[in-house]
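I opened this entry to look up charged side-chain contacts.

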Amino acid sequence: MKRSRAELAAQLMKAARGAGLPLGVAEDLYAAAGFLDPEDVARIAADLAQGGAELVALMHALDAVECGQGSSLTSSLAPALAAARGWRLEAGRKAEGAVPVLSHRIEIPDDRWAELDAHAARTYVPDTAASRAQGAGAGQIDND
Amino acid sequence: MKDLAEPRRFVLRAPAQVMRLRRMGAAFPTRLSFLPTLLRRLHDDAAQVTRPVWRIDKAGYGHAVYSIDLGGHTYSLVAVSTRISDAQRTDRVIAQEWDSAYVLYDGIPDAAEIARICQAAPKQEAARFGERDLVLSRANKSVRLFTHVVQALRAGRQPDADRIRDTGYLMRTTAVYGNGKFGIADRARIADRPGLGGPFMAEMLTVWLIRGFTHDLVEHLGGATLDRHLKRHLGIGNATGLGMAPFLVSHPLLLDAWMQVRETALARVRAIPDLTSAEVACLRSLAGRVTRHLGDWRVPDADAQAEIGLLRREWSGFIRHLGDVTLQGPEPINALWEAAQTGSVALQELVAAFLIEPFGALVDGLTECMATPFLPRIEPEMPVAEIRVALMRDWGWALAVDFDRTDQQAQFWYVSQAKLEPRLGLRHHEPGAERESPLDVARQVQAMARTLEQHDGDLIGFLRAHPEHRAALRRVQTLIRHPYAEIRDNLIDADCRPVDMLRCKLAFFGAAKFDPKSDRWTRITLAQGAPLADELDRTPDWWMPAFGTA
């Protein structure tokens, strides 16, 4: 199914949080949604299934590149995540110049979206009668 | 920004004062708010609203289409009216049915597109939408007033003016979704379009058009025309809960932009050296309208009504300065501002909005700075010493919180599995805190600061050793360059009132007549007194409208 970029951003953020990644890394993925292609999303989903170690290491590597330090960046996700920071990745180094955001929708297979959904669901709190009655701070009928 | 040179201005109010939750929760709409900005644009464009489709049956169910040209594009509201049972009518996210559903469409929908929207819109979150669908919304009837207005018109008379004044709208929107939700268009599709580039402009256009539909619907059912002054006072309601609050935390650059614009406007008008007699007359006339608006503002909640009562008394004391020597000295606007500083926070915020209102030529250009395409970025090369200075300068309010005390982390924000409804729980009494949403900014930053104290090395090393603090570090860095980006209060404290966050955001939308139903839920009115669809040729002048005079 085709997804909007905003949907993808929100889904990646929740999935990363649900998979136990640090909030800051989840935010980096949120920011990258406008630069990802379907293969990138597949790679992110695969890494989240393994605990997200590649994603965390990639953020650290990009931090190093941003500071002018050498870093081995073999991940195909690196250019998109660099673009989300406002610069280009060229020959493993930071190059100035923003990458245009991709505004077109992105085709994500439903099973992949479901994988991300499963991670995201770990950020939701099960419904209870008490939380339903009191958690939103509003009644359940509005016929006035 | 249109302004070629920055006009003279005072120093902006300090973020440490402006960004406190209780002050944000006393915000009033200004002429810089999003709906007034949109209506000025519609006036400038001489926009025309047409209603090419009206297929509503005798019972009031069916669909209609409204179209409007703005900035070289045509947009259409597809409105779908549906029968629901009283047992299904709830303003909450957990609702499954609504009295009416809407899509703002990019262009003029053909029959097939109208049929698609009529099928999908009533299902709201359960449906999928397309790239030409810009906004998705729904609204429920204010049952008592809606019924009364229809019955009165059917009986050949106008509805009771007091009842229109007291409720102020025929329907309440309960969600207005934009920016890609459920498959609708990403904001990027319209971000560069004239008139829709500002924040929430497509959403504001939607609710203003919905307001017109509610007028047409009661006239259709009542078989008669509403008096124009009554119709103008029927805005569009909105019921808002916790879903709106996290936006201010998750969009710090937007929050900073909105606040910078409002505070810059206030700083500019305070620096006006003197007033013309016409400007003095305008201020006095506007003050009278505010007095009447406050008199019209009545809510069921006793505490909220008491606060309105206090504000009425304070306002009546304040406006005496419009008749004394205050306006004859230098910088008279600043003199008025200073006079308000002995009053409550609510008076100060009302006076800020009041003083900005007459000076559109000086401040309206600022609204072009309300949107930003950027997101907060981590700056790994920043010296650690700079972070430590920023923590001391900007985050004292967070570092001072004692999170060992149960009351200072008494609440937790969460998303329920039930239709993903945002809720608030009591950490020490309810399950689910391990899945809380990350609105505990003060706690995150304090934890980061404590770890950083022990760190010996550069920021890259810190980020590598402590990825769990990456988000907090980014917030600290963001606040260095965007001083209004952060609510400077502990959002998990027992005393945190989410309704303060709601009011701040709603005031930026242009909402008024805040009608809190709890500390986390409020109703409001939008577009009350605003021009009707056939009044866009009139110069908009409807800030703080008073019944019968707007």
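I call a residue buried when its relative accessible area is under 20%. The model is predicted.

**Entry 1: the pair B:Asp91 and B:Arg172.** I checked this contact and found a salt bridge, with the closest N and O atoms 2.8 Å apart. B:Asp91 sits in the loop between β3 and β4 of chain B, while B:Arg172 belongs to strand β6 (residues 169-177), so the bridge ties together parts that are 81 residues apart in sequence. I looked up burial next: B:Asp91 and B:Arg172 are both buried.

**Entry 2: B:Arg89 and B:Asp99.** Here I found another salt bridge, again with 2.8 Å between the closest N and O atoms. Both residues lie in the loop between β3 (73-81) and β4 (100-106) of chain B, 10 residues apart. Why does B:Arg89 count as buried? Its relative accessibility is 5%, and the cut-off is under 20%. B:Asp99 is buried as well, at 2%.

**Entry 3: B:Glu263 and B:Arg13.** I noted a salt bridge between these side chains, 2.8 Å from N to O. The pair links distant parts of chain B: B:Glu263 is in helix α10 (residues 252-270), and B:Arg13 is in the segment before α1 (15-18). They are 250 residues apart. I logged B:Glu263 and B:Arg13 as buried.

**Entry 4: network and total.** Which residues of chain B join A:Glu27, A:Asp28, A:Asp63, A:Glu66 and A:Arg85 in a network of salt bridges? I found B:Arg470 and B:Arg474. Over all chains, I get a count of 62 salt bridges.

Definitions and conventions: Residues are numbered from 1 along each chain as its sequence is written. Chains are lettered from A and ligands numbered from 1 in the order in which they are written. This is a predicted model: local features need pLDDT of at least 70, side-chain atom pairs count only at pLDDT 80 or more; totals for chains, interfaces and linings use all residues. Side-chain values use heavy atoms; hydrogens and water are left out. A salt bridge is a side-chain nitrogen of Lys or Arg within 4 Å of a carboxyl oxygen of Asp or Glu. Helices (H or I, at least four residues) and strands (E, at least two) are DSSP runs, numbered from the N terminus. Buried means under 20% relative accessible area, exposed over 50%, partly exposed in between (1.4 Å probe, protein chains only).
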